Each structure stands twice: as structure tokens, then as C-alpha cells.
Amino acid sequence: MSELAILGVERPVALPDSPICPLDPHCDAREAPWDQQDLARRLCHALDVAQQAVEQLATTGFTDSDEPGNNVRPEKVISETAFLLFAASTADREEVRIRVEKVARLLIPHARSERMVLGICLEPALALDFAQAHICLGRLGYPDDTFDTLLRRSVASQARSGHERVPHRRLEQEWLARAWRDPRSHQPKGISRAALQSVLGRPMDLLNGHRDDVYAFTHALMYVADWNLKPRALPRPRAAILADAEAALARCLDEQDYDLAAEVLLAWPLTGQSWSAAAAFGFRVLARVEDKAGFLPAPSTRLQRLNSLEGAERSAYLLATAYHTIYVMGLLCAAALQPARTPPAQVPTGEARCGNAAAIVPFLNQPGPSASQSADVRQTREPSVQQGHWWDEFQRLNAIERDAIAGLLLNVALRRKTVRRDFGELRDLLAAAHAAGLADSPAASQAAELLERLALLGRRLAPDRFSRTRNLI
Amino acid sequence: MSSRVNHQDVVERLLETKAVDFAAVGKAVAELGPSLAVADEPWEGFCGTMRTFFHCYIINVFGEGNTVENVGELRGATRELQS
């Protein structure tokens with residue numbers, strides 16, 4: 001059994017703890033980019049885990065009879081590994097290049113296995129899905145003409161479009177088709193219709209939306225951006241898309257959904273050069289958690305279960321439950337290593353307004369979803385014991401840095417109030433945000449619309465009926 | 001308006017009849033779920049037609065979902081794997 005290198009992040013970088021409030025937001029230290037060597041180290045860690053994933057999961061996947069939610073099909077591991085390699089190949093670092101080449105050679109027999117060939121042959125509507133790893137490997141310089149011949153025949157068949165897909169999945173198909181047909185010679189014009197129809201093309205439901213909506217957002221963006229190689233036009237202005245991304249980031253950090261948080265953070269390096277204060281803070285949170293755990297963890301890795309297993313079974317469980325989030329951190333670092341896409345080492349404070357954080361923090365007095373739900377914690381009004389990792393990182397910021405991410409705090413609070421149906425506090429929160437000049441955000445706007453609808457509902461229903469309805473929602 | 005059917009009242013009336021044995025439904029889902037989750041066929045295969053007799057939702061209750069384990073303990077537990 002090969003050794004599981006899950007602790008490849010062995011040299012945690014001492015993340016810069018902020019000095020006591022240097023109030024000059026434009027000093028050089030604040031504009032310094034994140035250390036490139038540290039980003040490369042994190043990416044190399046993901047690639048080292050990818051090697052283990054291919055060796056242990058690419059043939060049979062992972063089946064968990066106790067918790068079927070942990071099941072991993074080999075095609076998923078193969079496709080995601082290929083995408084990681086493709087993304088990593090855009091980072092101009094020798095240590096990364098060596099690992100990409102090593103893992104790619106391991107992956108080739110799996111990407112072009114009999115199982116994949118049969119899938120392409122038997123299910124032409126899924127041909128590009130089965131060929132994803134092959135296409136990524138081809139783009140890395142590992143072509144296979146015989147495989148291409150079969151793929152061409154399959155995608156030319158009558159049944160090639162016989163599978164209905166949601167917009168972000170249509171974008172994936174378009175991206176795969178472009179990548180396969182030599183993207184260097186083909187530059188698509190204009191905005192993809194699928195992009196317009198996707199959640200990228202319209203405001204996301206930031207208060208009541210599902211995790212799948214955020215997933216659709218992040219994946220649509222990855223395919224439209226083509227990892228900054230041949231990006232297509234965005235269906236909305238970058239600022240509007242990033243405003244949605246900030247609200248989604250707040251939710252993911254608050255729920256400790258680091259898989260999705262890292263995907264959301266890709267929105268910054270995949271659409272432009274600047275990182276907002278909230279995005280820079282989000283990256284710091286993920287880096288800190290990664291350094292503490294040795295890898296960026298997901299909720300699916302449970303210690304009790306891990307400790308009940310031994311040997312290869314234990315190793316497979318850990319890898320199957322952890323590899324995906326580790327890959328996403330690798331993707332994020334790969335994007336951040338591209339020229340002029342690196343996040344700042346410190347939270348940018350150029351747009352901070354003094355006192356904004358203090359205006360919102362009192363509304364974080366309810367436990368976050370990642371907090372313990374014990375009675376003593378529920379009853380306390382002290383925010384510091386009720387939050388997750390992001391709160392720990394928030395405590396490390398100086399006053400002006402905290403003010404700079406007041407919009408993120410507002411997004412966290414808005415979602416908490418909405419999910420808990422605490423509409424009275426939601427109204428007070430919006431009033432405080434407005435007074436602080438923070439209400440010009442999509443989530444705040446959606447919250448105001450929600451309150452307007454509730455006011456209409458209240459006028460329509462008798463008081464006792466309204467009270468009953470409130471219990472139902 | 002008074003003749004309009006109230007959806008919630010209908011549901012409550014139906015629940016009161018106890019005509020649906022939710023325990024039995026849950027038992028069947030528990031038995032079939034693991035194999036269906038990894039099957040190539042979609043869930044519609046459960047009924048043999050495209051009609052859906054039961055909608056099964058994952059209800060994410062705020063504050064009661066899984067979050068990541070203690071990161072320090074994770075580091076310790078995963079370190080054992082390398083020895």
C-alpha cells in the first residue's frame with residue numbers, strides 16, 4: 001500500500017498577524033502579494049494527494065456500505081484529477097510541472113480505459129463526459145489519436161444531444177468541445193447563451209438559495225473563464241458577479257463549507273486581477289485552516305469513523321472523503337499563481353470605513369451553523385464563542401481591516417437572520433447597514449424585498465393567521 | 001375565497017388518517033437507498049415509470065448540519081497514517 005501523503009502541507013506559513021492598526025491603508029506592506037512559493041507548496045500538496053487518489057481510487061473508486069454518501073465512483077476521481085492537472089499546468093513553476101507530468105502518466109491508462117471507451121461507444125450523449133480526462137490530458141500534451149477517432153464518431157451520432165442538461169452543465173459541454181478541438185485555433189465570440197441562462201447571467205438567490213445554486217455558479221464560471229486561457233465573455237459585469245460571489249463566500253465560510261468556499265474564491269482570479277477585502281480574507285481563512293489540519297478538510301471526514309478503521313480501509317476512507325476539497329484548494333492556488341492573479345497578503349483596506357464592522361458585529365450574536373448547539377452556547381450573547389474558523393481569523397485583523405470586510409459580516413448576518421426567520425432583527429440589521437453605507441449589496445437588496453413581501457403578507461392575513469403562517473415558513 | 005381548498009388543511013387531514021405508513025416508507029428507503037445511490041439507473045427506476053410517488057428532500061436545518069472536525073485533532077489523526 002502506498003503511503004497516504006495527506007499531511008503534505010508540513011510547513012505552515014506564519015500567516016501575517018496584523019500589527020496594531022497601522023491606519024495608512026496604502027502602505028507597501030498591505031499591497032504585497034501572497035508568497036508565490038507558499039502557493040506553489042499548497043498546489044504541490046494537492047498534486048501529491050492526486051497521485052495517491054489515482055493509485056488508490058481510480059480503478060474501483062470507494063464504496064462505503066455504512067455511509068453511502070461517501071461513495072466515490074472512479075470516473076469522478078479520474079475526471080477531477082485531470083481537471084486539477086489542467087489547472088496546475090497554467091502555473092509556471094518547475095516543482096508543479098514535475099508533479100503534473102508524474103500524475104498525468106499515472107492517469108493516462110485510467111482516462112482511456114476500456115470502461116471509458118465503452119461509455120463513449122454506448123452512450124454518445126455522455127461521450128464528452130467520459131472523455132473529459134482524455135481531453136484534459138490532450139491539452140497537456142498527451143494526445144491519443146485512436147481515442148479521438150472513436151470520440152469523433154460518437155459526438156457525430158444522432159443521439160449526441162439526447163441528454164437534457166442544466167445551463168452550467170451545457171457550459172461544461174461547450175468547454176469540453178472547445179478544449180478538444182484545439183482551443184488555440186478557435187476563439188469563440190460573444191456571450192454563450194448557456195452563460196446567459198445560467199446563474200452567472202442573473203442574480204443568485206442569496207438568502208434562501210440552495211448549495212446547488214452556489215455549485216452551479218462556481219462551475220459555470222470555471223467553464224466560461226477557461227482558466228484564463230481562452231475566456232469567453234461574462235454574461236454580467238464582473239462587479240455584479242463578484243457581489244454575488246461575496247455573499248456566497250460569506251455563507252460558505254459560515255457553514256465551514258470549504259470545498260465550495262474555495263470554488264467561490266476562484267471567481268476573483270478567474271475574472272480579473274483584483275481581490276476584494278472579503279476575498280482576501282476568505283483566502284486567509286482557508287489557508288489558516290489548511291495549515292492547522294494539514295489539509296483543507298471537509299465535513300465528510302469524521303474522526304470517529306476514521307479512528308474505527310485500520311490499514312488500507314482507513315487510508316481509503318480518509319482519501320475518499322478528503323481528496324475533493326484538497327483538490328479545490330489546489331485549483332485555487334493554481335489560479336492564484338497565474339500572472340497578476342495572486343491574492344494580497346493582507347486584507348486590502350482602501351475602501352474601509354471606520355466603525356462599519358462595529359455596526360454589524362452585534363447582529364452576529366446568534367450561533368453560526370458551525371457553532372456548538374449546546375444550551376450554554378445558545379444562550380450566550382458573546383459572539384466570540386459562537387462562530388467558526390472565520391471568526392478566529394477575524395479576531396486577528398486590526399480595526400481597519402475589520403472595517404474593510406464589514407460587507408462580508410453583513411452577508412453572514414443577513415443569511416443567519418433569514419434562515420432563522422428572525423425578520424424583526426433582519427429589519428434592524430438592514431437599518432444599521434443602511435446607516436453605515438453598507439446596504440448597497442445584492443443580499444441587502446434581496447433582504448429588503450423579502451421584508452416588503454412579508455409586509456404585504458401581514459396586511460393580507462389576520463394577525464392570528466399571520467402568526468400561524470410564520471410558524472410554517 | 002371561502003370555497004378555496006387550503007393545502008395545509010388537506011395535508012393535516014390526510015396525516016390524521018394515518019393512511020400513509022411513514023415508518024414502512026422509511027424502512028423501504030433505508031433498505032433500497034444505498035444500492036440505488038450507486039446504481040447507474042436514475043431514481044425513477046424505483047417506481048418503474050417517470051411518475052414520482054414520493055418526493056424525498058434533504059432538509060438542511062440551519063445549525064444542525066455536519067461541519068468539519070476539530071482541525072487540530074484532524075492533524076493528529078491523519079498523522080498516524082504516515083507512521
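Select helix 7 and helix 9 of chain A: Gln132(A), Ile135(A) and Arg139(A) in helix 7 meet Leu176(A), Ala179(A) and Trp180(A) in helix 9. Two residues are in contact if their C-beta atoms, placed from the backbone, lie within 7 Å. The residues of this contact between helix 7 and helix 9 of chain A divide into four nonpolar, one polar and one charged; Ala, Val, Leu, Ile, Met, Phe, Trp, Tyr, Cys and Pro count as nonpolar, Asp, Glu, Lys and Arg as charged, and the others, Gly among them, as polar. This is a predicted model, in which local features need pLDDT of at least 70 and side-chain atom pairs count only at pLDDT 80 or more, while totals for chains, interfaces and linings use all residues. Residues are numbered from 1 along each chain as its sequence is written, and chains are lettered from A and ligands numbered from 1 in the order in which they are written.

The axes of helix 7 (residues 132-139) and helix 9 (residues 167-180) of chain A come within 9 Å and cross at roughly 40 degrees. Axes are lines fitted to C-alpha atoms, for helices over the stretch in contact, and angles run from 0 to 180 degrees between N-to-C directions. Helices (H or I, at least four residues) and strands (E, at least two) are DSSP runs, numbered from the N terminus. Helix 7 and helix 9 of chain A are therefore oblique to each other; angles under 35 degrees count as roughly parallel, over 145 as roughly antiparallel, 65 to 115 as roughly perpendicular and the rest as oblique.

Next, select helix 2 (residues 36-57) and helix 16 (residues 311-336) of chain A, which pack at an angle of about 145 degrees with their axes 8 Å apart. The residues of their contact comprise 18 nonpolar, four polar and one charged. Among the residues that meet are Leu39(A), Leu43(A) and Leu47(A) in helix 2 of chain A, and Leu319(A), Tyr323(A) and Ile326(A) in helix 16 of chain A.

Now move to helix 12 (residues 238-254) and helix 21 (residues 406-419) of chain A, whose axes come within 8 Å and cross at roughly 65 degrees. Helix 12 and helix 21 of chain A are therefore roughly perpendicular to each other. Their contact residues divide into four nonpolar, two polar and four charged, including Glu246(A) and Arg251(A) in helix 12 of chain A and Arg415(A) in helix 21 of chain A.

Keep helix 21 of chain A selected. In this helix, 13 of the 14 residues are buried, so helix 21 of chain A is largely enclosed by the rest of the structure. A residue is buried if 20 or more other C-beta atoms lie within 10 Å of its own, exposed if 12 or fewer, and partly exposed in between, with C-beta atoms placed from the backbone. Just after helix 21 of chain A, Arg421(A) takes a positive phi of about 60 degrees.

Select Tyr258(A), in helix 13 (residues 258-265) of chain A. Tyr258(A) is buried, with 26 other C-beta atoms within 10 Å. Beyond its neighbours within four places in sequence, Tyr258(A) contacts Leu286(A), Val289(A), Leu296(A), Pro297(A), Ala298(A) and Thr325(A). The C-alpha atoms of Tyr258(A) and Pro297(A) are separated by 7.2 Å.

Then select Phe295(A), in the loop between helix 14 (277-293) and helix 15 (303-308) of chain A. Phe295(A) counts as buried, with 29 C-beta neighbours inside 10 Å.

Finally, display chain A as a whole: its secondary structure comes to 24 helices and zero strands. Of its 473 residues, 48% count as buried.
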